[in-house]
Amino acid sequence: MVNEGVKLNPHPPYGRIARLKLMDVLGGKKCNKCSYKDVRALQIDHIDGYGSRDAREKGHAKMYYYYLRNPEEAKRKLQVLCANCNWVKRYVNKENRWKQ
């Protein structure tokens with residue numbers, strides 16, 4: 001199994017659990033574009049951008065819990081992407097903060 005014995009250090013335990021549950025709500029622990037499955041490189045992406053604003057307003061863990069309580073909104077606004085697909089999307093959609 002790909003994720004066997006994997007530790008997810010970047011997130012506190014309560015946020016990590018909520019993040020993984022939210023991935024399940026969004027269709028599973030795999031990239032929506034390329035189907036990559038290693039959870040260490042999977043990210044919750046705001047489909048229309050503005051993810052940093054949402055995280056800043058709610059906090060990452062609280063944002064996860066908000067969308068877990070509102071799964072239909074989560075499915076409309078969020079998707080699971082691997083880090084590579086997420087950065088490509090940000091570049092193509094000019095969601096980054098620097099000039100290209």
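**Ground rules.** I am working on a predicted model, where local features need pLDDT of at least 70 and side-chain atom pairs count only at pLDDT 80 or more, while totals for chains, interfaces and linings use all residues. Residues are numbered from 1 along each chain as its sequence is written, and side-chain values use heavy atoms, with hydrogens and water left out.

**Overall layout.** I looked up the elements and got five helices and two strands, in the order α-β-α-α-α-β-α. Next came burial, where buried means under 20% relative accessible area, exposed over 50%, and partly exposed in between (1.4 Å probe, protein chains only). Of the 100 residues, 33% are buried. For contacts (heavy atoms within 4.5 Å), I took pairs at least 6 apart in sequence, and 65% of these join residues at least 24 apart.

**Strands.** Two strands pair if DSSP finds at least two bridges between them. Strand 1 and strand 2 are antiparallel, with five bridges, and Asp45 sits opposite Gln79 in strand 2. Four of the five residues of strand 1 are buried, so the rest of the structure largely encloses this strand.

**Core.** I define a nonpolar core as a set of buried Ala, Val, Leu, Ile, Met, Phe, Trp, Tyr and Cys residues joined through side-chain atoms within 4.5 Å. The largest one has 18 residues, and Leu22, Leu26, Leu42, Ile44 and Leu78 have the most contacts inside it. Helix 1 (13–25), strand 1 (42–46), helix 3 (60–69) and strand 2 (78–82) each give at least two residues to this core. Strand 2 has the largest share, with four residues. I also checked Leu42: leaving out residues up to four places away in sequence, its neighbours include Arg19, Met23, Tyr36, Val80 and Leu81.

**Positive phi.** Back to Tyr50: its phi is near 65°, a positive value in a residue other than glycine. Tyr50 is exposed at 57% relative accessible area. Ser35 also turned up, with a positive phi near 70°. Ser35 belongs to the loop between helix 1 and strand 1 and is partly exposed at 37%.

**Salt bridges.** I count a side-chain nitrogen of Lys or Arg within 4 Å of a carboxyl oxygen of Asp or Glu, and that gives seven. Which partner does Lys77 have? I find Glu73, at 2.8 Å from N to O. Both lie in helix 4, four residues apart, about one turn of the helix. Lys77 is partly exposed at 38%, whereas Glu73 is buried at 15%. Lys89 and Glu95 meet at 2.7 Å, N to O. Lys89 is buried at 10%, while Glu95 is partly exposed at 25%. Shared partners link Asp45, Lys89 and Glu95 into one network of salt bridges.

**Surface patch.** Patches take residues with over 30% relative accessible area and no salt bridge, joining like charges within 9 Å and nonpolar side chains (Val, Leu, Ile, Met, Phe, Trp, Tyr) within 5 Å. Areas come from the Shrake-Rupley method with a 1.4 Å probe, and for residues only the protein chains shown count as cover. Val88, Tyr91 and Val92 form a nonpolar surface patch of about 310 Å² accessible area together. Val88 lies in helix 5 (residues 83–92) and is exposed at 53%.
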